[in-house]
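The entries below follow the order in which I looked things up.

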Amino acid sequence: MKIGIIGLGLIGGSLGLDLRKCGHIIYGVSRKESTCRRALEKGVVNHANINLSSLSTVDFIFICTPIGLISQTLKQLTPHLNSEAIITDVGSVKTSIVKECELLWPNFVGGHPMAGTAEQGIEAAQENLFKNAPYVITPTEKTSKNSINILEKLAQSLGSIVHTCSPEIHDQSVAWISHLPVIISASLIAACSEEKEKNILKLAQKLASSGFRDTSRVGGGNPELGVMMAKYNQTALLHALQGYREQLDEITEYIKTEQWDSLEKLLMITQKERSPFIQLEKSSENNS
Ligand code: NAP
């Protein structure tokens with residue numbers, strides 16, 4: 001298939017590497033000439049250009065720009081498209097993007113490959129990024145079955161595990177397990193860094209090990225992406241933050257009032273409740 005990828009960064013570049021390996025011809029478009037050159041050098045794409053008109057003959061397009069540019073990019077793209085072309089995006093938030101994009105192009109289907117690293121840009125592109133990772137497809141009643149089927153097959157060819165749900169359910173779910181953790185993790189780093197005693201702060205930095213590395217990882221990622229998640233998934237994220245705040249208040253109260261039994265009961269419950277959230281991690285450990 002002739003596949004277009006717009007936005008040759010971490011996600012777009014990684015998609016290019018794997019889809020090329022599957023035998024597709026990849027037409028890349030990025031904002032900077034230097035990124036296009038680098039994408040050709042790295043073997044991410046077969047052709048690269050800064051003009052959207054270079055995608056006039058492709059069958060399928062992934063829009064991989066930052067979230068705030070996805071529907072704007074589609075608007076600029078539509079005059080150049082062949083009428084059968086299927087378009088998807090990879091944005092981490094779906095409701096507002098799908099609403100705007102399906103009005104702009106009838107063969108649009110929303111998607112979210114749930115894989116990433118803390119890096120960004122073309123140099124961060126890597127092979128097998130999507131292997132064993134969830135790929136969420138978010139159709140509406142307007143989405144054509146053909147578009148869903150083709151995206152599903154492409155996602156499966158990357159080694160991803162496909163899930164299908166509405167854009168709204170997607171956004172509420174990822175608010176809990178992706179967007180809330182970014183905000184909590186960033187707050188953890190900010191709170192620790194606020195320690196006024198320089199010698200305590202210095203020693204804490206020296207002693208921080210795997211526990212801190214795990215809990216702070218997502219708070220140390222791409223700031224632009226973090227802001228976009230909050231901006232475009234504001235309602236669901238505020239709902240999740242409220243739930244988190246209530247839990248934190250409850251635990252704080254147990255500690256303040258020395259309710260050690262209640263604290264232990266809660267920690268016994270969370271010890272059990274963690275398991276269903278990390279099934280994917282366990283199954284990829286078993287597969288490796
Ligand atoms: P990224 O590494 O910063 O890549 C985005 C690329 O888009 C940039 O490298 C930039 O390339 C290009 N670009 C910017 N404006 C453009 C425009 N107007 N036209 C064409 N290209 C443009 O970001 P990313 O992490 O890949 O994220 C891209 C999308 O993937 C976002 O929508 C995000 O929500 C989604 N996503 C991210 C992750 C993650 O963990 N990072 C996971 C799943 C989904 P130039 O060098 O040419 O400027």
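**Entry 1: Thr-35**

I began with Thr-35 and found this residue in helix α2, which spans residues 33-41. The model is a predicted one, and I read every value here with that in mind.

Is Thr-35 buried or exposed? Its relative accessible area is 14%. Buried means under 20%, so I logged Thr-35 as buried.

I then listed what Thr-35 touches, leaving out residues up to four places away in sequence. The list holds Leu-8, Ser-30 and Ile-122. I also checked one C-alpha distance, from Thr-35 to Ala-48, and got 8.9 Å for two residues that sit 13 apart along the chain.

**Entry 2: the ligand**

Next I turned to the ligand. How many residues surround the ligand? I have 26 in the shell, and the closest are Ser-30, Arg-31, Thr-35, Ser-92 and Gly-121.

Thr-35 comes up again here: an N or O atom in its side chain is 2.5 Å from an oxygen atom of the ligand. Ser-30, which Thr-35 touches, also has a polar side-chain atom 2.8 Å from a ligand oxygen. For Gly-121 the polar atom belongs to the backbone, and the distance to an oxygen atom of the ligand is 2.7 Å. On its own the ligand has 890 Å² of accessible area, and the protein covers 87% of that.

I sorted the shell by class and noted 13 nonpolar, 11 polar and 2 charged residues. As for secondary structure, α1 (10-21) and β6 (108-113) each supply at least two residues of the shell.

**Entry 3: Asp-89**

I looked up Asp-89 next and placed this residue in strand β5, residues 86-89. Its relative accessibility is 0%, so Asp-89 counts as buried.

Which side chain does the side chain of Asp-89 meet in a polar contact? I found Lys-94, at 2.7 Å. A polar atom of the Asp-89 side chain also lies 3.0 Å from the backbone nitrogen of Gly-91.

With neighbours within four places in sequence set aside, I wrote down the contacts of Asp-89 as Ile-63, Ile-70, Lys-94, Ile-97, Phe-108, Val-109, Gly-110 and Gly-111. I note that β6 covers residues 108-113, and that Phe-108, Val-109, Gly-110 and Gly-111 are among the contacts of Asp-89.

**Entry 4: the whole protein**

I counted 12 helices and 8 strands in the protein. Taken along the principal axes, the C-alpha atoms fill a box of roughly 70 × 45 × 35 Å.

The protein has 288 residues, and 38% of them are buried. Its accessible surface comes to about 16,200 Å², with 54% of this belonging to carbon and sulfur atoms. I also looked at contacts with a separation of 6 or more: residues 24 or more positions apart account for 68% of these.

**Entry 5: domains**

Across the boundary, 18 residues of domain 1 are in contact with 18 residues of domain 2.

How values were computed. Residues are numbered from 1 along each chain as its sequence is written. This is a predicted model: local features need pLDDT of at least 70, side-chain atom pairs count only at pLDDT 80 or more; totals for chains, interfaces and linings use all residues. Side-chain values use heavy atoms; hydrogens and water are left out. A residue is near a molecule or strand if one of its heavy atoms lies within 4 Å of it. A polar contact is a pair of N or O atoms within 3.5 Å; within protein, one must be able to donate a hydrogen and the other to accept it, and residues adjacent in sequence count only if both atoms are side-chain atoms. Accessible areas come from the Shrake-Rupley method with a 1.4 Å probe; for residues, only the protein chains shown count as cover. Helices (H or I, at least four residues) and strands (E, at least two) are DSSP runs, numbered from the N terminus. Ala, Val, Leu, Ile, Met, Phe, Trp, Tyr, Cys and Pro count as nonpolar, Asp, Glu, Lys and Arg as charged, and the others, Gly among them, as polar. Buried means under 20% relative accessible area, exposed over 50%, partly exposed in between (1.4 Å probe, protein chains only). Contact means heavy atoms within 4.5 Å.
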